[in-house]
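Q: I have a model open on my screen and would like to learn how to read it. Could you take me through it step by step?

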Amino acid sequence: MAIDANDFYTPKILDAQLTGMIKTKEPGLYSARLRIPVGILTSGVLEGLAALARKYGRGEVYLTARLGIEIPGIPGESFPALREELATIGVALAGCGPRMRTTVSCKGTVCPHGNVDTFALAWEIDRLHNDASILPHKFKVAVAGCASSCSKPQVNDVGLVGVSEPELDPGPCVGCGLCVEACHLNAVRLEGDLPVFDPARCVACGDCTKACPPAALKPARVGLDLYTGGRWGREKQVGLRIAGTLTPEEAVGAVGRIKGWYAAHGRKKERLGQTLLRLGARSFQEAVLEGVPREKWTAIDSRAEAAFATLR
Ligand code: SF4
Ligand code: SF4
Ligand code: SF4
């Protein structure tokens, strides 16, 4: 395969982008974008990548903002051989161009704040839905284990956030106040010896529940909140929440339906958030939450719609 810069933005480039070839400022040289779901690499894979970076590039790798790795300085004609050698260590070249990007996850599986198994969820989403199909534009999915949102799910086309809303069982409560200390948002205070919650301030991060020594606070509403239409680039949008407390299975299914809806309704070079502004979010919600219990749907009111505006 010989591809040079003149091939970019032609039908041929769609094949090149699928191979993970990223154009650079260096004439004739490209970066190889690797598919690293969830950002986890074994030491063996790291050693293999180091050897391939020396063999095909100049012995360097770049870390990307989405927990990925690129190997720079590779001649276009080396890509077929590089792809074959990457496969022997279990790594694929990543899709780019108007396609789904590798799914990003925070460290919620091991992080003490995590409310869900983010690694498993992100892997499953990537395994089932990340394919070579051409979409209107790039399509990004990110998973976070709690409301801290370290992986920035609200500025991805699809964002999933693990939530855990506290519920008090007053019997075991000893009035220690550790739940008050644990809350960063002043959403809980002690009245007498019992905690009182402010639902308007609580973001269901679950930290108070985890801090409670006698487990008087129970995780009452646990699951995944679903945001759609977020993006961060020349223009920005903060994703619109369309559902709450989904199970992992419901969330994985919704990602597939959202991607399908976007493929069918989006215009070329239009991100999902722009498509939602053009066609309206309510019909989209009806289509992509099919099969999800109605009580999990988030009402899209005028305030939510106003907040879902394009920012510059
Ligand atoms: S989003 Fe929450 S669970 Fe994920 S890494 Fe950040 S603090 Fe931990
Ligand atoms: S769940 Fe989080 S935001 Fe809500 S009261 Fe507990 S610590 Fe505060
Ligand atoms: S941390 Fe638990 S035991 Fe302590 S005041 Fe809060 S609810 Fe009660």
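This is a predicted model: local features need pLDDT of at least 70, side-chain atom pairs count only at pLDDT 80 or more; totals for chains, interfaces and linings use all residues.

Q: Which hand does the crossing of α7 and α9 have?

A: The crossing of α7 with α9 is right-handed.

Q: How are two packed helices described in general, and at what angle do the axes of α7 and α9 cross?

A: In general, one gives the angle between the axes and the distance between them. Here, helix α7 spans residues 248-265 and helix α9 residues 281-288; their axes cross at roughly 130° and come within 9 Å. Angles over 145 degrees would count as roughly antiparallel, and 65 to 115 as roughly perpendicular, so α7 and α9 are oblique to each other.

Q: Which residues make the contact of α7 with α9?

A: On α7, look for A254, R257, I258 and W261; on α9, the partners are F284, A287 and V288. By class, the residues of this contact are 6 nonpolar and 1 charged, with no polar ones.

Q: How do α4 and α7 cross?

A: Helix α4 covers residues 118-129, and its axis comes within 10 Å of that of α7, with a crossing angle of roughly 35°. The crossing of α4 and α7 is also right-handed. From α4, the contact uses L121, E124, I125, L128 and H129, while α7 brings P248, A251, V252, V255, G256 and K259. This contact of α4 with α7 has 7 nonpolar, 2 polar and 2 charged residues.

Q: Now the ligands, please. Which residues are around ligand 1?

A: Among them are C106, C111, C146 and C150, along with K107 and H113. The shell of ligand 1 divides into 5 nonpolar, 6 polar and 1 charged residues.

Q: How many residues surround ligand 2, and how many surround ligand 3?

A: Ligand 2 has 14 residues around it, the closest being C183, A187, C202, C205 and C208. Its shell holds 12 nonpolar, 1 polar and 1 charged residues. Ligand 3 is surrounded by 14 residues, with C173, C176, L178, C179 and C212 the closest. The shell of ligand 3 has 12 nonpolar and 2 polar residues, and no charged ones.

Q: Into which domains is the protein chain divided?

A: The assignment gives domain 1 (5-93), domain 2 (104-163 + 223-307) and domain 3 (166-220).

Q: How far apart do the C-alpha centres of domain 2 and domain 3 lie?

A: Those centres are 29 Å apart. Between the two, 7 residues of domain 2 are in contact with 6 residues of domain 3. On the domain 2 side, the touching residues are 4 nonpolar and 3 polar, with no charged ones.

Key
Residues are numbered from 1 along each chain as its sequence is written. Chains are lettered from A and ligands numbered from 1 in the order in which they are written. Axes are lines fitted to C-alpha atoms, for helices over the stretch in contact, and angles run from 0 to 180 degrees between N-to-C directions. Helices (H or I, at least four residues) and strands (E, at least two) are DSSP runs, numbered from the N terminus. Angles under 35 degrees count as roughly parallel, over 145 as roughly antiparallel, 65 to 115 as roughly perpendicular and the rest as oblique. A crossing is left-handed if the near helix is turned anticlockwise from the far one by less than a right angle, and right-handed if clockwise. Ala, Val, Leu, Ile, Met, Phe, Trp, Tyr, Cys and Pro count as nonpolar, Asp, Glu, Lys and Arg as charged, and the others, Gly among them, as polar. A residue is near a molecule or strand if its C-beta atom, placed from the backbone, lies within 6 Å of it. Domain bounds come from an automatic or database domain assignment.
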